Amino acid sequence: MKRVTAKWLKEPTLQSVFGIVAAAGGEARVVGGALRNTLLRVAVGDIDLATTLAPREIVKAFRTAGHPVYPTGIAHGTVTVSIHQNTYEITTLRQDIETDGRRAVVQFTDDWREDALRRDFTMNALYCDAAGKIYDYTNGYEDILRSRITFVGTPSVRIKEDYLRILRYFRFLSVFKQLKPDKAGLAACIKSKKNLRTLSAERIAREMFKLLQGENAVSVLRLMAKNGVLQNVVAHTDDFRTLSRLPQDAILRGYVLSKDPQGLREAWRLSNAQAKRIDDLLQHGAPSPTLRLSEQRRILYGMGLQAWRDSVLVARAKSRAPLTDGAWKRMLSLPSRWTMPTFPVSGRDLLDLGFTPGPDLGIRLKDLEQHWVASDFKPAKADLLERLKGDLNG
Ligand code: ATP
Ligand code: MG
């Protein structure tokens, strides 16, 4: 009998989930990512469960036990339960009875095998119970041991049910470095590549982000580009050299990969913070180690920590220098060696001096800050105010 031992399985809140479902006359098992990652020795993120109980029975069982329940995906049988700050997605066993490449009509079942057969890859179709006993209906265990990514069933058939599986195939290759593409799966993905264009931006973005964060992302992007898959997801550059010299960061990689980084905000539904990183990269020139230190400080002050780091990383990746180059490393560590000073003058100070409130005040303050920056942050508050007094009289 195959078993899994893992710290997350012993978590009392997860054991409560098993207990509550059993008390209600059903069974729950952990499925998918958590088990797969454990067997592949990768950190585990969310814990998803599958259950024989119908969604309304799950809702009732957890409400009765006093735990909040959220109908996060009730249409396809998923509810999220929260037990002492830990959340679990619980999905009723199901079969997809109608599919159109983008969404499915589902039918609930109490057959574990049916539920396994509707999943995308064998490594994602493993289950374990409260004691860690593994249930494997598709040979997923052996596939994982042999570093194989294998579609459940016939690849071309499974891809036509949901074209996102093409992208998930490449995402898993990117995230799990040890996996090797299989001929049949890869060929089927390539054959249906044009259908990626029919998927919603949200679904593409979620998979692309995970793909871009993967350890093996650059090889996988190359593989996708070589086979004409990638162009159906993003208008892309072929700057794989730069990509391979960047850290594992989806935004930096997306910025270099995309022919239209500005368009990513809309295309990939970026958060404001993510979009700002791209805007900053587009807006600021590339810093280079030929700049004097005082100049570097001035740029760092002007653009802020995150933008400095991002711009230096991209500029270094594009340069001819080896990644071990000391001058570039010193640029990256500049923020830890130099604390950005705070501009000592405020609007309040100007009002106290007798300036009238209004937009003009803001402009004067900015001018003064620029003077202070250009003087290598040296002038003290008194000197700066002295300078303004001249303006007031004149
Ligand atoms: P992650 O670590 O990103 O959460 P995951 O494998 O758990 O990876 P989820 O998107 O959370 O991915 O999906 C949970 C499970 O649902 C998967 O392991 C897989 O069994 C199944 N699944 C998800 N998306 C699909 C899909 N498009 N087609 C078939 N099965 C899917
Ligand atoms: Mg998951």
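# A chat about sheets and helix contacts

Reader: Hi! Before we start, what kind of model is this?

Author: Hello! This is a predicted model, so let's keep that in mind as we go.

Reader: Good to know. Let's begin with the open sheet: how many strands, and in what order?

Author: The open sheet has 7 strands, in the order E3-E4-E5-E2-E1-E8-E9, and its pairing is mixed.

Reader: Which are the edge strands?

Author: Those are strand E3 (69–73) and strand E9 (134–136), each of which pairs on one side only.

Reader: And what is the average twist?

Author: From one strand to the next, the twist averages 35°.

Reader: Nice. How about E2 and E5, parallel or antiparallel?

Author: Parallel: strand E2 (residues 48–51) and strand E5 (residues 86–92) are joined in that sense over 4 bridges. To give you one pair to look at, Thr51 has Thr92 in E5 as its bridge partner.

Reader: Which strands does helix H4 lie across?

Author: Helix H4 (residues 55–64) lies across E2, E3, strand E4 (78–83) and E5. Relative to E4, helix H4 runs at about 10°.

Reader: Switching topic: in what sense do E6 and E7 pair?

Author: Strand E6 (residues 94–99) and strand E7 (residues 104–108) pair in the antiparallel sense, with 5 bridges. Within that pairing, Val105 in E7 is the bridge partner of Glu98.

Reader: What's in the hairpin between them, and which residue there takes a positive phi?

Author: The hairpin of E6 and E7 has 4 residues between the strands, and Gly101 takes a positive phi near 90°.

Reader: OK, on to helices. How do H10 and H11 pack?

Author: Their axes are 7 Å apart and the angle is about 125°. H10 and H11 are therefore oblique to each other.

Reader: Which residues meet there?

Author: From H10 you have Met208, Leu211 and Leu212, and they meet Ala217, Val220, Leu221 and Met224 in H11. By class, the contact of H10 with H11 has 7 nonpolar residues, no polar and no charged.

Reader: There's a loop between H10 and H11, with Asn216 in it. Is Asn216 buried or exposed?

Author: Asn216, in the loop between helix H10 (201–213) and helix H11 (217–226), is buried, because its relative accessible area is 17%, and the cut-off for buried is under 20%.

Reader: What does Asn216 touch?

Author: Leaving aside residues up to four places away in sequence, Asn216 touches Leu173, Ser174 and Lys177.

Reader: And how does H10 pack with H13?

Author: H10 and helix H13 (residues 250–257) pack at about 100°, with axes 8 Å apart. That makes H10 and H13 roughly perpendicular to each other. The contact is made by Phe209, Leu212 and Gln213 of H10, with Ala250, Ile251, Arg253, Gly254 and Leu257 on the H13 side.

Reader: How do those residues divide by class?

Author: In the contact of H10 with H13 there are 5 nonpolar, 2 polar and 1 charged.

Reader: Last one: what about H16 and H17?

Author: Helix H16 (residues 293–303) and helix H17 (residues 305–318) pack at an angle of about 120°, and their axes are 6 Å apart. H16 and H17 are therefore oblique to each other.

Reader: Is that crossing right-handed or left-handed?

Author: The crossing of H16 and H17 is right-handed.

Reader: And the residues that meet?

Author: Gln296, Ile299, Leu300 and Met303 of H16 meet Leu305, Ala307, Trp308 and Ser311 of H17. The contact of H16 with H17 has 6 nonpolar residues and 2 polar, with no charged ones.

Note on methods:
Residues numbered from 1 in each chain as written. Chains lettered and ligands numbered in written order. Predicted model: local features only at pLDDT ≥ 70, side-chain atom pairs only at ≥ 80, totals over all residues. Heavy atoms only, no water. Pairing = 2+ DSSP bridges. Helix = DSSP H or I, 4+ residues; strand = E, 2+ residues; numbered from the N terminus. Axes fitted to C-alpha atoms, helices over the stretch in contact; angles between N-to-C directions. Parallel < 35°, antiparallel > 145°, perpendicular 65-115°, else oblique. Left-handed = near helix turned anticlockwise from the far one by under 90°. Contact = heavy atoms within 4.5 Å. Nonpolar A, V, L, I, M, F, W, Y, C, P; charged D, E, K, R; others polar. Buried < 20%, exposed > 50% of the residue type's maximum accessible area, 1.4 Å probe, protein only.
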